[in-house]
Amino acid sequence: MENVEVFNSPGKGRGLRATKDLWAGDVVFSEPSFAAVVFDNMAEHVCHSCFRRQQKLQRCGQCRFAQYCDRTCQRAGWNEHKQECSAIKTFGKVPNENIRLAARILWRIEKEGEVVSDTQLTTLEDLEDHVADMLADDLKDLKVDIHNFLDYWPRNSKQHKVDYISHIFGVINCNGFMVSDQRGLQAVGVGLFPNLCLVNHNCWPNCTVILNHGNQSAVNSMFHSQRRIELRALGKIAPEEEVTVTYVDFLNVSTERQRLLKEQYFFNCTCQHCTEHIKDDIMMGGKEVDGNKPSEELVKEITEFSLQTLQKIDKARIDAQYHEVVKLCRECLEKQEPVLADTHLYKLRILSTLSETLSYLQFFEEAAGHARKMVEGYIKLYHPNNAQLGMATMRAGVTHWHAGLIEVGHGMICKAYAILLITHGATHPITKDLEAMRMQTEMELRMFQQNEYVYYSMREAALKNQPMTMMAEPVEENIKGLFRKK
């Protein structure tokens with residue numbers, strides 16, 4: 001933790017600030033979880049030790065709940081699971097994820113105390129729980145969790161006062177961090193990282209947080225990777241400058257971000273982007289053509305229509321009616337196109353949903369066009385090194401590659417790779433995958449530039465998984481007309 005120190009941040013309480021110059025891509029600090037559990041709905045699909053998603057998992061022979069990749073993962077996770085295993089057998093059923101995480105935290109405190117390493121900057125008792133600020137419905141849920149926790153907690157373990165148990169649940173509610181799978185593509189669990197809890201929010205942050213599982217292939221459980229977060233700098237951070245992350249997605253207008261932060265984290269955001277409403281106008285604005293903009297009434301009307309359509313789309317997606325999703329998106333986009341700005345939030349959501357669904361249905365050419373427009377909108381809104389922008393650019397690049405648009409696809413994959421090198425680092429599994437993809441598309445692009453006909457012939461053969469058969473090459477002037485897909 002030599003890169004940061006604790007200080008009193010004006011109007012925020014405790015925070016962390018840099019102790020020396022940091023640059024884009026630098027790891028400010030990394031931290032293993034104090035405790036972490038798999039989500040209830042992912043319990044049968046994810047290893048409970050390394051959090052990798054696997055097709056085949058081995059179940060714990062005693063509690064029949066915990067699942068592991070293999071013996072190595074089971075040995076690596078035994079310290080955390082040992083008391084949990086016995087408690088589940090005694091209790092007769094598996095409690096929810098909040099109760100399981102609270103129990104794991106208290107078992108570790110009982111065994112090692114609240115400070116478990118020299119690099120830990122705060123105790124759990126000093127973290128905010130905001131129980132006093134909770135709404136009536138949330139307090140009701142909290143009381144149910146505490147009641148069930150007391151039934152689940154073993155009689156032979158150290159008994160705690162209800163106030164302290166309530167504090168732990170409050171800390172989980174405010175400071176629990178979503179743990180992703182090995183690729184970083186899906187949240188599969190929740191964990192507590194004490195040092196990360198000290199990093200304050202800013203809607204336009206100078207750092208990002210990623211989960212880097214590292215090496216799950218170590219045969220010896222002693223060298224098996226820990227679930228650890230990495231706080232990575234997005235740009236230059238000067239000494240004594242506060243390090244910040246964003247708690248909510250920036251793709252919301254300032255009032256909506258402030259509402260979400262107040263409801264979930266119990267504070268009013270006073271960052272520059274919220275107080276000055278930066279980019280709110282282009283997030284909900286009309287399309288300007290030759291200096292002319294549509295009326296505010298028309299923009300408001302199409303915005304309302306878009307919101308209603310998004311609600312219908314969500315229902316159709318839940319029902320797996322993907323062709324209905326495409327139909328609704330196309331109809332909405334037709335109304336949005338002449339009225340709403342390319343950076344309008346609802347237009348970007350329609351483009352995202354449409355490109356994703358069309359890719360799933362393998363209509364790659366149309367999907368690629370919508371994905372490109374979506375990325376162009378994101379570039380105008382997001383921080384240039386935002387991880388979400390990098391992931392969206394990567395998906396758009398892959399879609400273009402599937403559509404046979406190798407030039408644009410390779411360019412997007414290179415841009416995504418440059419962003420993810422900063423946000424995820426060169427050793428992260430998704431960055432490694434992207435590097436392999438970048439090298440492949442670069443090779444294909446060189447082939448395409450040398451001879452388009454040969455490139456498309458080889459591509460078609462590869463897609464059909466058949467050996468390539470060469471026809472007589474057409475005359476040069478007709479190559480582009482024949483082999484560029486319409």
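Trainee: How many helices and strands does the secondary structure of the protein come to?

Mentor: Keep in mind that this is a predicted model. Its secondary structure comes to 17 helices and 12 strands.

Trainee: And the overall dimensions: what does the radius of gyration tell me here?

Mentor: You compare it with what a compact globule of that length would have. For 486 residues that would be near 23 Å, and the protein has 25 Å, so the two agree. Along its principal axes, the C-alpha trace spans about 85 × 55 × 50 Å. As for the interior, 48% of the residues count as buried, taking buried as under 20% relative accessible area.

Trainee: Let's do a sheet. In what order do the strands of the open three-stranded sheet come?

Mentor: General idea to begin with: strands of a sheet pair through backbone hydrogen bonds, either parallel or antiparallel. In this case the order is β3-β11-β10, with antiparallel pairing. β3 (27-32) and β10 (207-212) are the edge strands, each pairing on one side only. Neighbouring strands here are turned by 20° against each other on average, ignoring direction.

Trainee: How many bridges join β3 to β11?

Mentor: Five, with β11 covering residues 228-233. To pick one out, look at Glu-31: its bridge partner in β11 is Ile-229.

Trainee: Which helix lies across β10 and β11?

Mentor: That's α14, residues 406-423, running at about 115° to β11.

Trainee: What share of the contacts between residues at least 6 apart in sequence join residues at least 24 apart?

Mentor: For this protein, 66% of them do.

Methods:
Residues are numbered from 1 along each chain as its sequence is written. This is a predicted model: local features need pLDDT of at least 70, side-chain atom pairs count only at pLDDT 80 or more; totals for chains, interfaces and linings use all residues. Side-chain values use heavy atoms; hydrogens and water are left out. Two strands pair if DSSP finds at least two bridges between them. Helices (H or I, at least four residues) and strands (E, at least two) are DSSP runs, numbered from the N terminus. Axes are lines fitted to C-alpha atoms, for helices over the stretch in contact, and angles run from 0 to 180 degrees between N-to-C directions. Contact means heavy atoms within 4.5 Å. The radius of gyration is taken over C-alpha atoms; the globule rule is 2.2 Å times the number of residues to the power 0.38. Buried means under 20% relative accessible area, exposed over 50%, partly exposed in between (1.4 Å probe, protein chains only).
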